[in-house]
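Subject: Structure handover

Hello,

Here is the structure I said I would pass on. My notes on what turned up in it follow below.

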Amino acid sequence: MNIKLRYCLKIDEKKCTGCQACVLACSHHRSKTFSVENTSCIEVFRNNKNGDIKINLNQSCCDMCEQEEMPLCIQFCASEAIKIVRTI
Amino acid sequence: MKDNSDSSLSNLEVYMFGLGGKVAWINLSNNRVKIESTGKYKKFIGGRGVGSYLVFKEVPEAAHPLSPENIITFNTGPLTGTLAPSSGRINISTKNVATHGISFANAGGHFAPEMKYAGFDHLVIQGRAEKPIYLFIHDDKIEIKSAEYLWGKDAWETEELIMKELTDKKIHVAAIGQAGENLVTMACIMFDRARAAGWGGCGAVMGSKNLKAVAVRGKGSLQVYDPERFLNFTKQIWKRLLQSNTIQLFRKYGNLGTAGAGGVYGTLAQSVKNMEDEVWEAEKTLQVREIIFKEKYEVRRMANFACPINCSCFYHVNEGKFSGQKLEALKTNVYRAFGTNIDLPSREYILMANEMADRYGMNCDSLSAVVAWAIDVYQKGLIGKDITDGLDLHWGDGDLQLKLFKLIAYRKGFGDILAQGVYCASQIIGRGTEKYAMHVKGHGMCEQAIRSHKGWALGIMTSTIGGGHLAGAPNTEQRSLSPEEGMRCFGVPTAGEPKVYEGKGKLVAWFEKYKIIADMAGLCSFTTYWIDTSLIGADDFAKLISLATGWKLEGKDLLNLGESIYNIEKAFNTLHAGFSRKDDRPPYKLTEIPVSSGEFAGERLLPEKWEEMLDDYYIAHGWDVTTGWQTRECLLKLGLNDVKERLEKAGKFPHQKILKKQNKGGK
């Protein structure tokens, strides 16, 4: 069964602390490197002036870390801002 | 993909596992940039290890800290920018403006990983630019850009204007405010607006070089040596962090988790009224408890890079005189510096003082030291309005504190004297104010629990950078570490007993070498043994660094290296500032004025016991107990022959001092 068809990730920008661990975890999963640019499905924008955090999540490149028991970004999100939601 | 650590760099093939690969030497006097391989400095791992070594090697003894001959380094470590927890720390090393000895400072944020992704592990900045400039470091390139339009702006405005000019929201900026431009001794460097590299006047060193800011942007990536094992081990470390009780309190209350009545350590001692006491009245503490800041103002956490602790809070203030204020703020130190030490139980004024110190770019500890001292000696009647330019100095006056910050940052009137730091200001004014100057080796201090916690006090007094609790002050006393755990970790059963002097020399000497490991690797102290012995220890660091770089390291190698770096810093101080045993003693207030009440009532630092503790400390390092200087044997054992030669030439070995004295007597 391909779980990608039935589940996807949802990130709560309010809970997010902007630490970018999820970005690194995704980068590691996809390219075995650490980067916050290009190699990750997640992109985090921090606004230090007003405390806003915006997240771009590219669902189409996410394979839900098929080999892992849980997507790596979730494993490394200490603020529990990322969760799995069911899709049709 | 090869390790070029021993090759010359003619072809600039510098890829190395876990590293950006390059060191940039930027001479602002002639606009020349020289690139080296980071491999050249592999021996010193990274971060503070490389920074301290370079400052020792490059800065001549005659060089004033604010002269072009001084250098300032920006250093990352092999774990910076990886998934190792809290891997966003940057180290700044330079010759200390306040002490004229060594300085290192450390800040969090997202600057350091970005610098590494741009390909640079270390920046070494030399000389002085003719006109104000800033550096733009991006993807293997270094640009020197005009900062004339930024001169006079505060650190926050500078960040905004640079981001606007470079039209990239992902740029990270290290900037100085007006204090750095005006060579204020307490000037710091602000990273990502709210993160300060505070110590040693590093902001003034940048100002003296006409260097307003450094902006970084890196689109590269880091490949570690063993990606799978690195990831798995990192997962384990994250789990250990999240299970720690101490870390849970930081996560709940933020950095203030250690500060107030409900904090990690219960009712913690404070620095009150220029460190006159360590107990603040309960009704005052209650007005500024961590829980009130959390409930009233906290809108979210803004974490350091890859940090599961999230101790940094973002506040929106919607009440009072400064309603509308938005800032990432309030570390425990800031709460003490602008709250308890000024006797100011006002949430709104503490937060505004936090903002203004950030904007002007001034270190909270040394700024508080000079402001609190001024109020103290005015209240004691030692100075009057003739000295203060007509200002009436009172405790608990929030407007006065903000006014003094401005006068200091712009060096106007009375502020011009204060801008030189508490030690120099007290020397200039005299009148008996000197003994109330709270400083270590000439650097202002604002510390809590320093009379009651003897090891903590020793670590602050012996710190190579002139105070600060992040060199070797052990946290074990605050946590009442059990005798068994004290023995297991440090061979010191008294490690958890605050009032006990015995064993603390050995304990501090251990932490001095251990703390360097975190500063070399590039992680935050909160992830380490320093805060909780269940967290990252020397062996864990060795494993993380080895998996990241492919170097084969063990915990004991890192501890030995930490000891070497500490000796390099110590030698720098002996050579440049002439420090000796007398400079490792606490100031008057701490030995003569006891804690007024509470659990530690009557506690002070007893001079006789202090001397015994110092003896133990020097012996633990293998140094001479009479002078407090290093010995040839100790340096040779560490393989620091060049350091030994420099000290030999300068006549800074114990027997040389005795010979000199004898010769002098003979004449």
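With 88 residues, chain A would have a radius of gyration near 12 Å if it were a compact globule; its value is 13 Å, which agrees. Please keep in mind throughout that this is a predicted model. The C-alpha trace of chain A spans about 45 × 30 × 20 Å along its principal axes.

Chain A

Chain A is built from 2 helices and 4 strands. Starting at the N terminus, the order of these elements is β-α-β-β-α-β. Of the 88 residues in chain A, 51% are buried. If one takes the contacts in chain A between residues at least 6 apart in sequence, 55% of them join residues at least 24 apart. The chain exposes about 4,500 Å², and carbon and sulfur atoms supply 48% of that area.

Cysteines

How many disulfides does the structure hold over all chains? The count is 1. This disulfide joins Cys41(A) to Cys61(A), with an S to S distance of 2.1 Å. The pair links distant parts of the chain, 20 residues apart. Cys41(A) sits in the loop between helix 1 (21–31) and strand 2 (42–47) of chain A, while Cys61(A) sits in the loop between strand 3 (52–57) and helix 2 (72–75). A disulfide in general is a covalent bond between the sulfur atoms of two cysteines.

Are the two partners buried or partly exposed? Cys41(A) has a relative accessible area of 4% and is buried. Cys61(A) counts as partly exposed, because its relative accessibility is 22% and buried means under 20%.

Cys26(A) is in no disulfide, and the nearest cysteine sulfur, that of Cys41(A), is 3.7 Å away. That distance does not qualify because a disulfide needs the sulfur atoms within 2.5 Å. Cys26(A) is buried, at a relative accessible area of 10%. In chain B, Cys446(B) is also in no disulfide; the nearest cysteine sulfur belongs to Cys364(B), 7.1 Å away. Cys446(B) counts as buried, with 1% relative accessibility.

Chain B as a whole

Chain B has 26 helices and 17 strands. For its 667 residues, a compact globule would have a radius of gyration near 26 Å, and the 23 Å of chain B agrees with this. Along the principal axes, the C-alpha trace of chain B spans about 65 × 65 × 55 Å. Buried residues make up 67% of chain B. Among contacts in chain B with a separation of 6 or more, 68% come from residues 24 or more positions apart. The accessible surface of chain B is about 21,800 Å², with 50% of it belonging to carbon and sulfur atoms. There are 84 positive and 77 negative side chains in chain B, and the centres of these two sets lie 2 Å apart.

Which elements does helix 17 of chain B pack against through its buried residues? They are strand 16 (439–440), helix 19 (504–521), helix 21 (555–577), helix 22 (588–592) and helix 23 (607–621) of chain B. In helix 17 (residues 454–462), 9 of the 9 residues are buried, so this helix is largely enclosed by the rest of the structure. Among its buried residues are Lys454(B), Trp456(B) and Met461(B).

The other place is around Ala204(B), which is found in helix 5 (residues 202–208) of chain B. Ala204(B) counts as buried, at 0% relative accessibility. Leaving aside neighbours within four places in sequence, Ala204(B) is in contact with Leu66(B), Val97(B), Gly180(B), Leu183(B), Val184(B) and Ala187(B).

Backbone angles to look at

Cys65(A) is not a glycine, yet it has a positive phi of about 50°. Cys65(A) is found in the loop between strand 3 and helix 2 of chain A, and it is buried, with a relative accessible area of 8%. Asn274(B) is another residue other than glycine with a positive phi, near 55°. Asn274(B) lies in the loop between helix 7 (245–253) and helix 8 (282–287) of chain B, and it counts as buried at 0% relative accessibility.

Regards

Note on methods:
Residues are numbered from 1 along each chain as its sequence is written. Chains are lettered from A and ligands numbered from 1 in the order in which they are written. This is a predicted model: local features need pLDDT of at least 70, side-chain atom pairs count only at pLDDT 80 or more; totals for chains, interfaces and linings use all residues. Side-chain values use heavy atoms; hydrogens and water are left out. The radius of gyration is taken over C-alpha atoms; the globule rule is 2.2 Å times the number of residues to the power 0.38. Buried means under 20% relative accessible area, exposed over 50%, partly exposed in between (1.4 Å probe, protein chains only). Contact means heavy atoms within 4.5 Å. Accessible areas come from the Shrake-Rupley method with a 1.4 Å probe; for residues, only the protein chains shown count as cover. Lys and Arg count as positive and Asp and Glu as negative; His and the chain ends are not counted. The place of a charge is taken as NZ of Lys, CZ of Arg, CG of Asp or CD of Glu.
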